[in-house]
Amino acid sequence: GINAEYMGANQCQCGLGYAGNGTHCDVPKAASLCPTGFVDDDSNPLTSCRYCAFAGVYAPAGSFGPCSYFSCLPGTTDDDMLSSTPCLQCPSGTYAPLASSGPCSSLSCPAGWADEDFNASTPCVQCKPGTGVSAASAGPCSYFTCPEGSTDHDGLSPTPCVQCPPGAYVPISSIGLCSNFICPAGYTDDDHNPATPCINLHIGSYSAPNSSGQPYQFYCPSGTIDEDLNT
C-alpha cells in the first residue's frame, strides 16, 4: 500500500510517521511531544526532536522552533547549564542578560557598581567617587555615599569608605585622605567626632592643626598672653 514497505504474506511495514493495520499504512501516526530539553526545530513530526546542547536555554516539553527561541529571559539564568531545567530568577544586586548561564552569584554587580532599580534584568550602574560600593549591591548609588566622618580616600567607588580619626571634620561624600580634612590651627574638634564641624576658639586660646578637645583645654596658660589676638 501507500507509505508502506511490502513484507510478504500480505503484510507491510509502515513508513516513518504512519500507522496502519498491517495491509494499509494511510493513517498519519500521532506525533509524540518532544521531551524537556529538546525542540521540534523544523515543525515536522517525521523528524527527530533536537537536543538543545548549549547553556542559557530552557526548552519545556512540546517545544516548537529553534533552541534560541527558548533562551533564558533577562533577569534569569540557566544556573545548572541544562536545557531541561527551568531558568532561575536572580535576585536584586545582579544583572542577568538574555541567555545567561551559571549561578546568579556569578552575575553579581561588581564592586563599584549598583543595581539601582533592584531589577536583575537591567544593567548595573557604575557609581561615582565619594561612594563605597561592595559587590552585589542593590539600590541607588546615593545609598552608598560615604557618610560624614568618613572619606573615599582613593577616589575609587569599589573600595570602602575610610573612617577618619578625631581632630577633623569630614563632610558627607568626601573624597581624599583624612589628612585633607583636619581642623586648622585655631579650631578644635570639641566632641572628638569627625562627622561634626570643627569649632573656632576664642581669643586667648591657641590650638595646633588637628586638635581635638573642649575649648577650655586650649586657653593660654597662666603667665602667657595671646598677644596677636589670633587663636
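## About the model

This is a predicted model, in which local features need pLDDT of at least 70, side-chain atom pairs count only at pLDDT 80 or more, and totals for chains, interfaces and linings use all residues. Residues are numbered from 1 along each chain as its sequence is written, and side-chain values use heavy atoms, with hydrogens and water left out.

## Cys52 and Cys67

The structure has 9 disulfides (pairs of cysteine sulfur atoms within 2.5 Å). In the link of Cys52 and Cys67, the torsion about the S-S bond is about -95°, so this disulfide is left-handed. Cys52 sits in the loop between β6 (50-51) and β7 (63-64), and Cys67 in the loop between β7 and β8 (76-78), so the pair ties together parts 15 residues apart in sequence. Strands here are DSSP runs of E, at least two residues, numbered from the N terminus.

Both Cys52 and Cys67 are buried; buried means under 20% relative accessible area, exposed over 50%, and partly exposed in between (1.4 Å probe, protein chains only).

## Cys90 and Cys104

Next comes the disulfide of Cys90 and Cys104, whose sulfur atoms are 2.2 Å apart. With -90° about the S-S bond, this link is left-handed. Both Cys90 and Cys104 are buried.

## Cys146 and Cys161

Cys146 and Cys161 form a disulfide too, with sulfur atoms 2.1 Å apart. A torsion of about -85° about the S-S bond makes it left-handed. Cys146 is buried at 0% relative accessible area, whereas Cys161, at 25% relative accessibility, counts as partly exposed.

Note on methods: Helices (H or I, at least four residues) and strands (E, at least two) are DSSP runs, numbered from the N terminus.
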